[in-house]
Amino acid sequence: MNKIYLDNAATTPVRKEVVEAMLPYFTESFGNPSSVYQIAQMNKKALDESRETIAKYIGSQTNEIFFTSGGSEADNWAIKGIAEAHKNKGNHIITTKIEHHAVLHTCEYLEKHGYEVTYLDVDDNGLVSPEAVEAAIKDTTILISIMYANNEIGTIMPIKEIGAVAKAHKIPFHTDAVQAVGQVRIDVKDQNIDLLSLSGHKINGPKGMGVLFIKRGLKLENLIHGGGQERGRRAGTENVPGIVGLAKAMELTYTDFDAKIEKMTKLRDKLIKGLLESIPYCKLNGHPTKRLANNANIGVEYVEGESLLLLLDMNGIAASSGSACTSGSLDPSHVLLALGIPHEKAHGSIRFTLGVQNTEEEIDVVLEKMPAIVQRMRDMSPLWEEVKNAMKN
Ligand SMILES: *Cc1c(COP(=O)(O)O)cnc(C)c1O
């Protein structure tokens with residue numbers, strides 16, 4: 001049985017071209033870019049070119065790109081780095097309730113160290129309004145951190161408008177763009193972004209590789225101390241194969257971009273429409289139109305998401321429940337709860353996220369199998385029995 005992988009928001013397969021670009025830097029070209037001899041200097045050149053490529057695709061200067069060990073480090077660095085560097089000005093940070101844990105847990109950590117954090121509510125679709133951001137600003141606000149697009153429900157935030165609010169109040173604006181990169185065109189200048197996190201493995205690049213864009217002139221404390229790499233701002237011998245791979249992934253993800261997004265959007269809409277039509281008592285979570293081209297998050301009533309995942313897996317389909325159960329906790333997703341979805345319904349949500357490699361045939365298979373799987377689960381549920389009886393009466 002062919003496996004159908006629809007969990008691309010969790011991670012993506014590395015593209016062949018990316019592996020090929022990386023390979024020489026493990027063996028022949030292994031030199032430390034900080035050394036003076038030729039094999040090392042070749043690596044210095046590969047680093048510079050990679051930086052240039054990434055800068056080009058987010059509209060930044062080359063010297064505003066800093067390599068990190070992934071999206072989590074980039075988020076940590078942006079938030080802790082600003083908090084530390086601007087503590088004389090204030091201690092207040094604004095973010096949202098639906099951020100990735102790399103942002104939320106970093107903010108919670110700072111709360112224990114004297115910072116004050118406002119976690120903004122979102123509306124039913126997962127949007128936060130620029131007006132709400134503005135209303136939360138205090139004299140002591142030193143950072144606004146709001147994700148570009150949500151990893152569970154795919155909602156795309158009004159980033160440019162929020163950035164404009166931050167700019168008007170001269171407050172640094174960070175966005176976790178890990179899910180947006182490769183699905184949205186990014187221009188940090190046009191969109192008023194001061195700090196942006198991205199990650200390699202969400203765009204068919206290597207794991208353990210990310211970037212923090214830092215606008216020139218912005219004061220930011222270091223997170224990783226040590227050697228003088230990354231112009232003295234992020235220590236550690238550069239992960240040259242990873243950096244080259246990330247740049248290649250960036251280039252590929254923005255090649256034939258419009259056609260790719262159009263194709264993915266079509267598949268996504270076919271999947272959403274097909275599921276909503278064939279399964280009673282289910283609805284789309286997240287914004288109907290302001291959403292990532294690859295995200296279909298469906299709330300299915302009277303089923304338990306984790307069991308649904310297992311049955312899908314037995315049918316060769318890999319998806320995600322959008323809940324935190326995979327991390328060992330039985331609490332439903334903080335994102336779904338923030339949308340106002342009650343606990344029991346949040347447990348029955350399932351997230352399909354497409355990648356460039358997915359085909360229409362795969363979507364057809366999901367559409368064929370999913371209704372029967374849901375029916376089977378409901379037939380075993382006492383709750384469903386009650387619903388059926390209520391319908392009869
Ligand atoms: C995956 C993800 C991260 C973490 O990135 P890593 O490279 O896995 O550390 C951060 N934010 C969002 C929105 C993500 O989806």
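Reader: Is Asn 192 buried or exposed?
Author: This is a predicted model. Asn 192 is found in the loop between strand 6 (173-176) and strand 7 (195-199). Its relative accessibility is 15%. The cut-off for buried is under 20%, so Asn 192 counts as buried.

Reader: What is the phi of Asn 192?
Author: Asn 192 is a residue other than glycine.

Reader: Where is Asn 204 found, and is it buried or exposed?
Author: Asn 204 is found in the loop between strand 7 and strand 8 (210-214). Its phi is positive, near 65°. Its relative accessible area is 9%. Buried means under 20%, so Asn 204 is buried.

Reader: How is the chain divided, and how far apart are the C-alpha centres of the domains?
Author: Domain 1 takes in 4-11 and 257-392. Domain 2 covers 16-253. Their C-alpha centres lie apart by 29 Å.

Reader: How many residues does each domain give to the contact?
Author: Both domains contribute to the contact. From domain 1 come 29 residues. From domain 2 come 30 residues.

Reader: What area is buried between domain 1 and domain 2?
Author: Carbon and sulfur atoms give 51% of the buried area. On the domain 1 side, Phe 257, Leu 292 and His 334 lose the most area to domain 2. Together these three make up 26% of what that side buries. The area buried between the two domains is about 2,400 Å².

Reader: Which residues form a salt bridge, and how far apart are the closest N and O atoms?
Author: The count between domain 1 and domain 2 is one salt bridge. Arg 185 forms a salt bridge with Asp 258. The cut-off is within 4 Å. The closest N and O atoms of Arg 185 and Asp 258 are apart by 3.4 Å.

Reader: How many residue pairs are in polar contact across the interface?
Author: The pairs span domain 1 and domain 2. Both residues of a pair are at pLDDT 80 or more. The number of pairs is 18.

Reader: Which element gives the largest share of the domain 1 side that touches domain 2?
Author: Helix 9 (257-278), strand 10 (295-300) and helix 11 (334-338) each give two or more residues to that side. The largest share is five residues. It comes from helix 9.

Reader: How do the residues of that side of domain 1 divide into nonpolar, polar and charged?
Author: The side in question is the one that touches domain 2.

Definitions and conventions:
Residues numbered from 1 in each chain as written. Predicted model: local features only at pLDDT ≥ 70, side-chain atom pairs only at ≥ 80, totals over all residues. Heavy atoms only, no water. Domains from an automatic or database assignment. Contact = heavy atoms within 4.5 Å. Buried area = accessible area lost by both parts, 1.4 Å probe. Salt bridge = Lys/Arg side-chain N within 4 Å of Asp/Glu carboxyl O. Polar contact = N/O pair within 3.5 Å; in protein donor to acceptor, adjacent residues only side chain to side chain. Helix = DSSP H or I, 4+ residues; strand = E, 2+ residues; numbered from the N terminus. Nonpolar A, V, L, I, M, F, W, Y, C, P; charged D, E, K, R; others polar. Buried < 20%, exposed > 50% of the residue type's maximum accessible area, 1.4 Å probe, protein only.
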